[in-house]
Amino acid sequence: IRVKEESEVIEGEVVEIEIEKYDGSGTTNIKGTTGRPTVNSNKNAPKTKKAGVLGKLILKTTEMETLYDLGSKMIEALKKENITAGDVICIDKGTGKITKLGRSFGKSRDFDAMDPNTNFVQCPEGELQKRKEVVHTVTLHDIDVINSRTQGFLALFSGDTGEIKSEIREHIDMKIKEWQEDEKAEIVPGVLFIDEVHMLDIECFSYLNRALESEQSPIVIMATNRG
């Protein structure tokens, strides 16, 4: 099943990243996109005994440019994705996840050494903040397991899914029908291949016949070497 979801994102080209490390006394170690640290007395730095990290990020589109303040978690995410000036990124406002979309075409003629597999993209147009449709692909079994266990999503990793009650399956089926009516979800039928089908008895065929009557049933392919 493909589940469609709209989320608010910030999408733009990185103009500059500035990271400030403060030691609590107002003295900061500023490191910008040039990578050269300098010691400076910053009046805006928090005067606390605890050291920390602050940052600023400038993003732009073809129509606007905005400055964002960064916390320690966002700075760590930027470092993890190896984001530098000239990269086009997408930030999910709900989760804070940062995705690197590629390198801006405006930086394609720079003389900096770069990976030959670098993906160049256009600078985004319009507003920085926009609503974007995200598609999640999951199986019906995964949804049943998540809703039948107290640990939720973590139950998929334990392997012991156990027995799923028919009431839960019916509730999930009703919910998926609502999503389909609202055009929030789309059923993609799977394929079930059964080899040596001549070994099945009449009860197995009766069960398969009932299962195939469901709207969410997969495409069944049977094979046998008996005449």
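Buried means under 20% relative accessible area, exposed over 50%, and partly exposed in between (1.4 Å probe, protein chains only). This is a predicted model: local features need pLDDT of at least 70, side-chain atom pairs count only at pLDDT 80 or more, and totals for chains, interfaces and linings use all residues. Residues are numbered from 1 along each chain as its sequence is written, and side-chain values use heavy atoms, without hydrogens and water.

**View A. Arg131 pairs with Glu8.** The closest N and O atoms of this salt bridge are 3.3 Å apart. (Salt bridge: a side-chain nitrogen of Lys or Arg within 4 Å of a carboxyl oxygen of Asp or Glu.) Arg131 lies in strand 9 (residues 129-137) and Glu8 in strand 1, so the pair ties together parts 123 residues apart in sequence. Helices (H or I, at least four residues) and strands (E, at least two) are DSSP runs, numbered from the N terminus. Arg131 is exposed at 52% relative accessibility. Glu8 is partly exposed at 38%.

View B. Lys175 is partly exposed, at 37%. Glu178 is also partly exposed, at 38%.

**View C. Strand 11 (residues 191-194) pairs with strand 12 (residues 219-222)**. The pairing is parallel, over four bridges. (Strands pair if DSSP finds at least two bridges between them.) Phe193 has Ile221 of strand 12 as its bridge partner.
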